[in-house]
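I opened the notebook to look up a few features, one entry at a time. The sequence and structure come next.

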Amino acid sequence: YTSIGMNLSILCYFKYRGFFLNELYDGMRLLNMDPGYTKVNPLEVFIPFGISFYTFEAISYAVDVYKRKIAPETSLPRFLLFILFFPHLVAGPIVRAGDFLTQTRRPKRWNWVRVQVGVQLFLVGAFKKMAIADRMALFCDPVFKDPDAYNSVAVWFAVLAYALRIYCDFSGYSDMAVGAAHLLGYKLINNFNMPYLATNVSDFWRRWHISLSSWLRDYVFIPLGGSRGSRWLNYRNLLITMTLGGLWHGAAWGYILWGLAHGALLVGHKQFKDYCDGKPRLTAFLETAFGTGLRILVTFFCVSMCWVLFQPELGKAVAIFEKLFHLQRGLTVPLSNRSLWYTVAFLFACQWLVRSGVWAKIYPRVPAPVLGVGYAVCLCAALVLAPDSGTTFIYFQF
Amino acid sequence: MRTVAVVTAPVVPSRIVRGRRARRAAVAVLFGVAVAAGTQLGIGAAVRRAPEAFADPLYHDKRELLRAHPVGAPDRPGRPFALLFLGSSRTYDAVNAGAVGERLTRDLGTPVSAFNFAQSGAGPVTMAVALRRLLNDGVKPDAVVIEVNPLFLAAQVEPPFETRWLHPLRLRPDELERVRELGVPVDAPGAHGWRGRVLAGHEYRVHLLERYAPALSPLPYRLGIGPETDRHGFVRVPEIPERQRPKLLAWNRNLYAACWPGYRPGGSALKGLRDVLETCRAAGIRPALLLTPESTEFRCWYAEPGRALVAPLVGELARAFGAPVVDAREWLGDDLIADGHHLTGAGADAFTARLVRDELTPWLRGSGTVAGGEP
């Protein structure tokens with residue numbers, strides 16, 4: 001508990017101090033009380049890079065050692081390597097000590113197959129970040145910055161673009177991190193598994209930011225009681241876990257509400273699942289191709305609506321929702337939407353290739369030079385398609 | 001009893017399988033590196049053969065048109081009087097240079113040829129760069145009409161507003177210092193160094209997409225001129241439905257939002273204007289300054305007293321160089337202006353006719369400059 005307390009204290013001091021002090025300040029002013037201090041300027045708060053990630057790794061290490069799942073690490077350099085390993089330092093994946101520390105003890109040898117896997121992952125990640133995420137930012141950033149100026153159609157496009165952006169930005173970074181780790185002889189957990197093909201919100205969280213969702217499951221949800229106990233206890237645990245997950249992302253009400261919304265969706269899914277249990281015809285329909293497609297679309301829609309909350313300014317989120325559900329005039333989309341639809345089609349085609357197993361069948365038969373040309377095309381395409389003004393990784397801010 | 005032959009495939013030792021996989025992986029990675037490097041170097045070589053086509057398509061496309069135009073012909077006896085227009089998209093849409101040439105030829109009784117060398121987003125510094133390039137390239141017009149855009153004169157906006165469009169990549173390495181002296185802060189782009197050879201595909205990416213895959217271009221506007229531009233460099237804006245005008249006005253108000261509050265003309269943009277005028281003087285070219293039409297609502301957006309200072313400021317500069325000023329801001333009705341400051345096709349026709357009749361003909365006739373191009 002001491003170790004967990006210390007780690008959380010450091011995280012709270014750097015990341016949440018300003019938020020809580022400002023909320024306390026506003027609350028006291030509302031009650032006509034003198035807070036006795038001035039508000040903290042969020043821009044002046046120094047937050048060490050990646051603190052959210054390595055704090056969770058340190059906590060997981062302490063808990064796993066306490067529960068005797070792993071032996072305590074006696075070598076300080078190895079422990080520091082676990083915490084500060086640069087590919088995953090800034091934005092994950094959140095690595096478990098048991099997985100990583102065993103790898104540090106294995107001798108590393110040059111391995112071309114490993115290099116190939118690393119290069120492939122790195123290139124795919126770079127393509128996702130430069131050619132897709134940064135281009136989607138051209139659609140969504142101007143609209144999210146000033147939603148009142150744009151019409152409802154532009155805002156809908158911006159929401160779609162943001163969903164693609166955040167996926168490609170974060171999964172692109174994760175792929176690059178995993179690829180870089182492979183080049184150095186380390187295998188990190190894959191953080192994404194085609195989350196937008198999830199058929200329900202539960203499935204989504206088994207595919208999105210897998211290292212975080214599994215961490216929350218193992219160190220928050222299960223200790224709270226998990227799915228054991230009554231239905232209401234289960235719901236409570238889900239809501240608390242997801243709200244904390246939202247708070248982990250950022251010290252702002254938008255992120256907290258985002259987490260809470262996902263918690264509510266998970267609760268809703270559980271209730272719907274219980275409802276379907278007594279309805280075999282409905283269950284059979286939902287298992288058909290059409291039913292599966294419908295479930296994927298509904299899940300994607302719900303997740304995209306939650307992304308609107310995923311920002312520090314709650315007022316902007318409210319303005320965006322107003323535009324989405326109350327048709328209003330304004331400026332049109334900042335760019336031609338052909339580029340957006342090409343991107344959607346391309347991503348969908350790639351994910352279908354992998355999910356259907358076609359890629360797994362084709363890959364071993366592709367001649368090596370053709371693979372090499374494919375890598376070159378991927379790299380050159382990423383370099384050419386990156387827009388003029390690149391943006392930093394979204395998850396760096398967490 | 002039936003016998004069945006059992007054939008067992010020979011087991012490939014795992015070290016051989018590992019070896020094959022390693023070889024395949026090595027070939028794939030090394031081949032990929034070689035192809036990627038070769039592609040970038042190839043693109044770099046292609047760009048260096050025609051740098052302006054990729055780096056500054058706006059200038060390049062207009063220059064190509066000018067090559068085939070009488071105004072671009074060498075200054076020889078017998079050449080028609082060459083009149084060049086410099087400016088931004090305001091002039092691009094407003095001055096029908098072909099009609100200017102025809103009317104002046106008829107009114108002055110001597111052959112006159114006009115070319116519209118206006119470029120979208122061109123402010124005083126961009127015009128200064130373009131004029132110097134043309135002169136260095138052997139293009140010497142007899143007279144130049146220089147647009148003065150009050151938006152680009154907004155002194156309260158730093159850096160100058162035209163910085164938004166004057167990307168350093170458009171400039172030649174030897175132009176960077178001059179542009180900085182004229183008040184536009186530019187850093188040398190990576191493309192001017194080793195990145196232009198090794199990572200050319202990345203450095204010129206927007207221009208490559210614009211040229212070869214415009215559907216994927218990340219810009220909301222075209223970098224070069226389109227097929228709609230005629231051989232005299234003019235583009236006719238299609239008529240705008242009435243219901244769309246308020247949207248376009250609102251868009252422009254938003255685009256130039258930094259210019260309205262506290263508007264005061266002056267600042268580093270004047271250096272660019274002065275440079276253009278000095279270049280004209282040094283080359284023996286007659287200059288004139290032109291303020292193009294703006295709609296009623298658009299004119300009201302400039303804050304007072306700054307708005308009223310534009311005419312005296314421009315007049316003072318013009319007098320120093322003996323250049324006439326054509327203040328056409330209130331010439332046209334709002335129905336002939338598409339979005340507050342770009343003219344419709346009908347607006348361009350009306351504007352061009354009045355410009356020639358009321359300003360250019362008297363100027364060129366009265367200054368005695370028109371006698372086969374001899375001053």
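Pairing here needs at least two bridges found by DSSP between two strands.

Ground rules. This is a predicted model, where local features need pLDDT of at least 70, side-chain atom pairs count only at pLDDT 80 or more, and totals for chains, interfaces and linings use all residues. Residues are numbered from 1 along each chain as its sequence is written, chains are lettered from A and ligands numbered from 1 in the order in which they are written, and side-chain values use heavy atoms, with hydrogens and water left out. I took helices (H or I, at least four residues) and strands (E, at least two) as DSSP runs, numbered from the N terminus.

Entry: the sheet. I found five strands of chain B in an open sheet, ordered 2-1-3-4-5, with parallel pairing. Strand 2 (112–116) and strand 5 (325–327) of chain B stand at the edges with a single partner strand each, so one side of each has no neighbour in the sheet. On average, neighbouring strands of this sheet are turned by 20° against each other, direction ignored. For angles, axes are lines fitted to C-alpha atoms, for helices over the stretch in contact, and values run from 0 to 180 degrees between N-to-C directions.

Next I checked partners. Leu290(B) has Val326(B) in strand 5 of chain B as its bridge partner. Strand 3 and strand 4 of chain B pair in the parallel sense over five bridges. There, Val144(B) has Pro287(B) in strand 4 as its bridge partner. Is strand 4 of chain B largely enclosed or left open? Five of its six residues are buried, so strand 4 of chain B is largely enclosed by the rest of the structure. Buried means under 20% relative accessible area, exposed over 50%, and partly exposed in between (1.4 Å probe, protein chains only).

Entry: helix 12 of chain B. This helix (residues 269–283) has 15 residues. From first C-alpha to last it reaches 22 Å, close to the 21 Å expected at 1.5 Å a residue. The expected span is 1.5 Å times one less than the number of residues. Its buried residues include Ala269(B), Leu273(B) and Cys280(B). The buried residues pack against elements including strand 4 (286–291) and helix 14 (306–320) of chain B. Contact means heavy atoms within 4.5 Å. Just after this helix, Gly284(B) takes a positive phi of about 70°.

Entry: two single residues. Ser89(B) sits in helix 4 (residues 89–94) of chain B. At 17% relative accessibility, Ser89(B) counts as buried. Among the residues that Ser89(B) touches, not counting those up to four places away in sequence, I noted Gln119(B) and His342(B). Phe46(A) lies in the loop between helix 1 (2–30) and helix 2 (51–66) of chain A. At 59% relative accessibility, Phe46(A) counts as exposed.

Entry: a helix pair. Helix 6 (residues 112–145) and helix 15 (residues 338–355) of chain A pack at an angle of about 145°, with axes 10 Å apart.
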